Amino acid sequence: MSDTHSLDTLVQALRRLPGVGVRSAQRMAFHLLQHDREGAQLLARSLQDAVSQVRHCALCHTFTEGEVCATCQDPRRDASKLAVVETPADQAALERTGAFKGRYFVLMGKLSPLDGVGPRDIGMHKLIERASDGTVQEVILATNFTAEGETTAHVIAQALKNRGLTVTRLARGVPAGSELEYVDLGTIAHALVDRR
Ligand SMILES: [Zn+2]
């Protein structure tokens, strides 16, 4: 065993982060150990806490520390409308428009066969169950207007329509190839109103 075993392990661990190669991982590790040990402790503790506390909402699949998230628990929200988004950031983008008062289902990703992400990984079975609860009248597909987002919307639409559910898609006007998170509020609000 080398005398920098812990350091090597740390570098390997950092490399698990998306987009982090060996050089960036080394830079981060050196930085923390050389300049910011307090930050390193904080990082270690918050990771530990988050991993043990955060789980998926039983209803909408988003991250939460309880059994059901605050949005799903809010009685003022319209339970007849269910918007399907890719990420919590996309959900936040819709929320900022103030134009949607329904509930959400958060896929926590998108279908991506090439990366091995299939229906099960985006909680498809859970979404179908959720949308078939008898209260939901309309499912609004608000996945991103990227190739993968469109494919995801298409697959979900088929699955839900086969079960006799009403499915709409955010209107075009959100530029093709774009992620909701980066689209201005007015455009998203229009896309919501003009959904079909
Ligand atoms: Zn929820």
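Here is a walk through the fold, the charges and one surface patch of this chain.

What you're looking at is a predicted model, so local features need pLDDT of at least 70 and side-chain atom pairs count only at pLDDT 80 or more, while totals for chains, interfaces and linings use all residues. Residues are numbered from 1 along each chain as its sequence is written, and side-chain values use heavy atoms, with hydrogens and water left out.

Let's start with the overall layout. The chain has 8 helices and 6 strands; these are DSSP runs numbered from the N terminus, helices being H or I with at least four residues and strands E with at least two. Read from the N terminus, the order is α-α-α-β-β-α-β-α-β-α-β-α-β-α. The C-alpha trace spans about 65 × 35 × 30 Å along its principal axes. Take contacts (heavy atoms within 4.5 Å) between residues at least 6 apart in sequence: 55% of them join residues at least 24 apart.

Now for the surface. Of the 196 residues, 39% are buried, where buried means under 20% relative accessible area, exposed over 50%, and partly exposed in between (1.4 Å probe, protein chains only). The accessible surface comes to about 11,500 Å², and carbon and sulfur atoms own 53% of that; areas come from the Shrake-Rupley method with a 1.4 Å probe, and for residues only the protein chains shown count as cover.

One spot to look at is the nonpolar surface patch formed by Leu43, Leu47 and Val51, with about 300 Å² of accessible area together. Patch members need over 30% relative accessible area and no salt bridge, with nonpolar side chains (Val, Leu, Ile, Met, Phe, Trp, Tyr) joined within 5 Å and like charges within 9 Å. Leu43 sits in helix 3 (residues 37-53), and it makes the cut-off because its relative accessible area is 42%.

On to the salt bridges, meaning a side-chain nitrogen of Lys or Arg within 4 Å of a carboxyl oxygen of Asp or Glu. The whole structure has 7 of them. In one, Arg76 and Asp74 bring their closest N and O atoms to 3.1 Å; Arg76 is exposed at 72%, whereas Asp74 is buried at 17%. Another joins Glu95 to Arg77 at 2.9 Å. That pair links distant parts of the chain, 18 residues apart: Glu95 is in helix 5 (residues 88-97), and Arg77 is in the loop between helix 4 (70-73) and strand 3 (78-85). Glu95 is partly exposed at 31%, but Arg77 is buried at 13%.
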